[in-house]
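Dear colleague,

Please find the structure below, handed over for your own work. A short account of what was found in it comes after.

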Amino acid sequence: MEHRRLGRTGLRVSSVGLGTMTWGRDTDELEAREQLDIFLDAGGTLVDTAASYCQGLSEEVIGSLLADHVDRSDLVLVSKAGVRTWRTGERSSVADASRGTLLDTLDASLRRLGTDHLDLWLVQVPDPTTPVDETVDALRTAVSSGRARYVGVSNHPAWATVHAADLLREHGGPGMAGVEVEHSLLCRGTERELMPAAQALGLGVIGYAPLGRGVLTGKYRATTPADSRAASPHLRSYVAAYLDPGLEGVVEAVATAAAGLDRRPVEVALAWARDAAGVASTVLGARTPVQLAGALAAEDLTLPPQIRHVLDEVTAPPLGYPERL
C-alpha cells in the first residue's frame with residue numbers, strides 16, 4: 001500500500017485508512033482484531049477513531065489490541081474530540097469544542113487507547129458557541145504537552161478551517177497538519193472550496209466514507225439487506241441521505257464501470273476516492289473482516305483515465321458564484 005505525506009508535514013499515512021466507527025458495537029473485539037490484521041498485512045498504518053464512536057468503545061477496543069496484539073509504533077493513530085454526550089432518557093450529544101471539554105476528552109481518549117500520544121488529533125465538528133481562538137488554544141496545548149504530534153479539524157467549512165489554521169500559526173505555533181472530511185463519488189462538495197484551501201495552506205486531506213456510506217457498493221440497488229447499516233436502528237439515518245432516487249445514476253455508473261473492468265463496484269468506488277487529487281488518505285470502515293478484505297482488493301486497481309473522466313463528469317459538484325465566475 002502506498003504511503004503519502006500528510007500535507008507539508010513529516011507525517012506519513014497509508015493511502016487507505018482503517019475506520020473504526022462500528023468497533024465495540026456492531027464489530028466485536030474478535031472481528032476488530034481480524035480486521036486490523038488484514039489491514040496491517042495489506043500495508044496500512046492509519047487507524048481512525050473518535051471519542052464519540054460507540055461512546056468510547058471504539059477506542060477501548062483499539063486500546064485492548066494495542067495492549068497485547070500490535071505494537072503502537074505500527075499504527076498512525078487518529079482520534080477526534082468535540083462532541084459531548086450525556087443521557088436524557090436516550091443518549092444525546094452536542095458539539096462542544098471548548099478548551100476544557102477538548103482537553104478532558106483527549107485525556108480520556110489516551111486512557112482508553114493505552115497510549116501517551118495521538119499521531120493526529122482533530123476537532124470533530126464545528127462548535128458555533130465556542131470562540132475559535134479557545135478551540136485553537138486546546139489544539140496548541142495538546143501539541144506542546146506531547147499528547148498529540150499533529151492537530152487539525154474535521155467536518156469544518158473552508159473559511160473556518162483557514163481561520164483556525166491562521167490562529168494556530170500565530171506566535172510560532174505548531175500549525176495545522178490536516179483536515180478530515182467526507183469525500184466520495186456521492187459527496188464531492190468539499191472540492192468547491194475546502195480542498196483548494198487545504199492545498200494552498202499545505203494541509204493534508206483525509207477523506208472518509210469513500211463508499212458513500214455503503215451505497216456505492218450496490219448492495220441497496222434492489223432492496224435493503226437485513227444485516228446492512230441501512231437496516232440498523234442506530235445507523236439507518238446515516239445511510240438514508242444517500243438512498244435518494246436522484247443518486248441512483250451515480251450508483252449505476254459505478255456498477256457499469258466495474259462490469260467493464262471485471263471488478264466489483266466497491267473496488268471502483270474506493271480506487272476513485274483513494275486516488276482523487278489532493279487526498280492523502282481515504283478512511284474505509286467495514287463492519288466485518290470479509291467486507292474489509294473485499295474492499296482492499298482495490299489495491300492493485302488504477303482506474304483508466306477515460307473511466308475516471310466519466311465518473312468525474314457524472315458526479316461533478318455544481319459550481320456557481322463565486323467559485324466560478
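This is a predicted model: local features need pLDDT of at least 70, side-chain atom pairs count only at pLDDT 80 or more; totals for chains, interfaces and linings use all residues.

Residues are numbered from 1 along each chain as its sequence is written, and side-chain values use heavy atoms, with hydrogens and water left out.

The second largest pocket has a volume of about 350 Å³. A pocket here is an open set of points on a 1 Å grid over the protein atoms alone, where a 1.4 Å probe fits, with protein on both sides within 12 Å along at least five of seven lines; lining residues have an atom within 4 Å of a point. Grid points are joined across faces, edges and corners, and the volume is the space filled by probe spheres set on them. The lining comprises 21 residues, with M195, Q199, A276, A277 and G278 nearest the centre. At least two lining residues come from each of α6 (194-201), β11 (204-208) and α11 (305-315), and α6 gives the most, with four. Helices (H or I, at least four residues) and strands (E, at least two) are DSSP runs numbered from the N terminus.

Helix α4 (residues 132-144) packs against helix α5 (residues 158-169) at an angle of about 55°, with the axes 9 Å apart. Axes are lines fitted to C-alpha atoms over the stretch in contact, and angles run from 0 to 180 degrees between N-to-C directions. The angle therefore makes α4 oblique to α5; angles under 35 degrees count as roughly parallel, over 145 as roughly antiparallel, 65 to 115 as roughly perpendicular and the rest as oblique. In the contact (heavy atoms within 4.5 Å), V132, D133, V136, L139 and R140 of α4 meet H163, A164, L167 and L168 of α5.

The axes of α5 and α6 come within 9 Å and cross at roughly 20°, which means that α5 is roughly parallel to α6. Here A158, T161, V162, A165 and R169 of α5 face L194, A197 and L201 of α6.

Two backbone features remain. Y321 and P322 are joined by a cis peptide bond with omega about 0°, and P322 lies in the segment after α11. N155 is not a glycine, yet has a positive phi of about 60°; N155 sits in the loop between β9 (148-154) and α5.

With kind regards
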